[in-house]
Amino acid sequence: MHLGLLHEFRAMASPCRVRIDGVLQGDPYAVRAAERASAEVKRIEAKYSRYRAGSILSRINAAAGTGVAVPLDDETGHLLAFAAQLYGASGGLFDITSGVLRRAWNFRAASLPEPEAIEAILPLIGWSRVALSDGQVELPLPGMELDLGGIGKEYAADRAATLLRDAGFEHGYVNLGGDIRLLGPMCDGKPWLLGIAHPRIAGELAAEVRLGEGALATSGDYERYIDHSCRRYCHILNPRSGWPMHDWQSVSVVAPACLAAGALTTIATLMGKEGAAFLREQDVAHVLVDAAGQVTRWVPDT
Amino acid sequence: MGWAEVAVDATDVPRKARLGAIVLSACALPGVMSGAARAEEAPDRAVIEIKVSGYRDAQDKNAGDNAAATVAKSSAQGVSPAQGHATISSASGGSGSSGGSGGQSGVNLGSNLLDRIVVTSPSIYALVPLGRQWAADGTLTVDEISGASPAYYTNSSSFVHFHDRRIGGDAKLTRYFERAAVSLGVASSKESDYTSNAVSAAARFSSDNQNTTLNIGVGLTRDLNNPNNQLVHDAHKGTHEYQVGLTQALSSRDLVQINYTRSVEDGYLNDPYKSYDNRPDRRAANVVQTRWNHWLDGTALKLGYRYYGDTFGIRSHTFDLALAVPTEDDGRSTFTPSLRYYTQSAASFYVNPDPGSASYPAPQDQSGFYSLDQRLSAYGAISVGAKYDWAVDSNWSMDAKLDVYRQQSGLRIIGQGSPGLSPLSAFIWQIGIKRTF
């Protein structure tokens, strides 16, 4: 007997699925809740898309260098304040102004960008120059951009999961392209078995994680990358150098919220080898796949 | 482990200060963690539900069909004595047509049965969300009641025939808060010889992790009895009801609930259509209801036990068992068979029939309280039923329910059943259709 509801959709350039366990597949209340959850994901996608002219992010970016502060709604204000905290806590490694580097990095091309092109962009990066206050934000330089790519998907997973939990569903998960937030364990109380994609072999798993609550997020160098001279250049770029790190093929973190897990994976990836110590210091369970493909798991003492 | 605990761990240990900053900040964003948003969510879609239910009972043809008829006037505001009034939960609608009195002595339900009462109850329920934090709902019910009821015991020659129509309505307004909901309700019903008006207030509070819910409620009912036989005029009855309950999720598969209700009735509590009925003018009852729901692979096992005790001396125990089983692979429908056993002791002033007495059925001692009402006798009852729920799509759903009920002295456990009464059988059905907008 097929039990539980699976709602699949595409958003944020990723395959997404909402799984509600312990309900009947056609349970109208569950179906409705799953539809609301996917609508919430799409709402966040639309709101924080750089590509939609009317989105709040497009308006902030369009006003860069004009001296005009863009007023923020509460939700955007909270997210930017959180991004500011991540910037501080990571010593500037987590920087939502670094998305502008994609002007130099074309991960669809086979060749690396010219170092001069990167150098030219670096002056546009730096959260510390952004003026965020009193419900408004201002980017001081023309060409500066905010990009919530590092937290938007994780935030959407949390919001969708919260909608479902508040509707009374405590078994299941929201999986947005590998960023997973659980509603709770399977309906029989057992933890979910979550697979972490193998960074080099498509369709294979590098590790499995048993999780009954919380969230799992993964940053991998296999999502968007350029292979050049036997080195992999992935899309997670250091905001100071404009270049990626090469220490981890993938970093996965378990945290209460997907937003926290996602932020920690990005920071750990950008810290390079130091990332392992950083995650232990953060006391969050994690799975690391190093440059040689070696898998390390770490779980905090309870 | 709840998130609050995670947060405390993170902040209490200096070494983890940075974890506290990042994880806590993430968790503090509105809507990221459950509970940071509204836990008690107001309904966001309107609902209209139409139900028709029916009740039909009949007694066995044998015992008690001998003595002479006496009084012959009747009605059917009778609610089974051990059921209590449902003022607090009155907004749930439905017709209170359980275990009444009355019946048509001429028509047979079966060859060995004597039909008593037939009730048909159409009802309509509507729920309307009012913004994000308010909702209103209400029910309108019409009960068409006809048949006959014995004036004493189950004596068919004392059957009194009647027809009545009860119109009842209730409305409730609910305000939803972050982890609480508060509602106020009114209810009213009218028959040719009986009116009832009630107000109620209820509140529900959930813990931060929503694993525990506390509910409290009060209800106040004022009834006015004007029997067709003019035995009394504008006889009042007032009911106060207080309820407190706790629901706890023990695990992801187990939900337990305990509810305590105290109900006090004051005023005219006799049944004016019964011969020799003289009851105390106060009746206080204590009810404890416990429930345990256990989920196993989509199937829900529902167990319930209810204790009832009142100052009439009635003690009753109800045991419920139901199994909600998904019936199809697509999971759109559920079949729920159920079994209920009920046993009650007699009221202290219930008088057993004494066919040898010269003044039968009059009680020999008429100095104190007395009653010959079958509903106050000692008996046991079993009901077997099944319900079928079908979710047609995300907007429409339907259900159908059938219960067969058998009440007789011999089914009583913990003591003896009252002698000299005919067993009663009843048949209860309901169909409903619901549209969500």
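Hi everyone, this is a short walk through a few packing features of the structure above. It is a predicted model, where local features need pLDDT of at least 70, side-chain atom pairs count only at pLDDT 80 or more, and totals for chains, interfaces and linings use all residues. Residues are numbered from 1 along each chain as its sequence is written, while chains are lettered from A and ligands numbered from 1 in the order in which they are written.

Let's start with chain B. It has 2 helices and 16 strands; these are DSSP runs numbered from the N terminus, with helices being H or I of at least four residues and strands E of at least two. Of its 437 residues, 40% are buried, a word I use when 20 or more other C-beta atoms, placed from the backbone, lie within 10 Å of a residue's own, with exposed for 12 or fewer and partly exposed in between.

Now the core. The largest nonpolar core holds 98 residues; such a core is a set of buried Ala, Val, Leu, Ile, Met, Phe, Trp, Tyr and Cys residues joined through C-beta atoms within 7 Å. Among those with the most contacts inside this core are A257(A) and A26(B). Its biggest contributor is helix α6 of chain A, residues 258–271, with 10 residues. Another core, of 29 residues, lies apart from it and includes Y55(B) and F312(B).

Which residues does A257(A) contact, leaving aside neighbours within four places in sequence? They are D158(A), A215(A), A26(B), C27(B), V32(B) and M33(B), where contact puts the C-beta atoms, placed from the backbone, within 7 Å.

Next, a helix pair in chain A. The axes of α1 (residues 28–47) and α5 (residues 152–166) come within 9 Å and cross at roughly 155°; axes are lines fitted to C-alpha atoms, for helices over the stretch in contact, and angles run from 0 to 180 degrees between N-to-C directions. That makes α1(A) roughly antiparallel to α5(A), since angles over 145 degrees count that way, with under 35 roughly parallel, 65 to 115 roughly perpendicular and the rest oblique. Residues making the contact include A33(A) and V41(A) of α1(A), and Y155(A) and L163(A) of α5(A).

Last stop, α7 of chain A, residues 274–282. Here G275(A), F278(A), L279(A) and Q282(A) are buried. They share a side of α7(A) because they cover an arc of only 95° around the axis, taken from the directions from the helix axis to the C-beta atoms. The face turned away carries the exposed A277(A) and R280(A). Just after α7(A), D283(A) takes a positive phi of about 65°. Thanks, everyone!

Technical notes:
Two residues are in contact if their C-beta atoms, placed from the backbone, lie within 7 Å.
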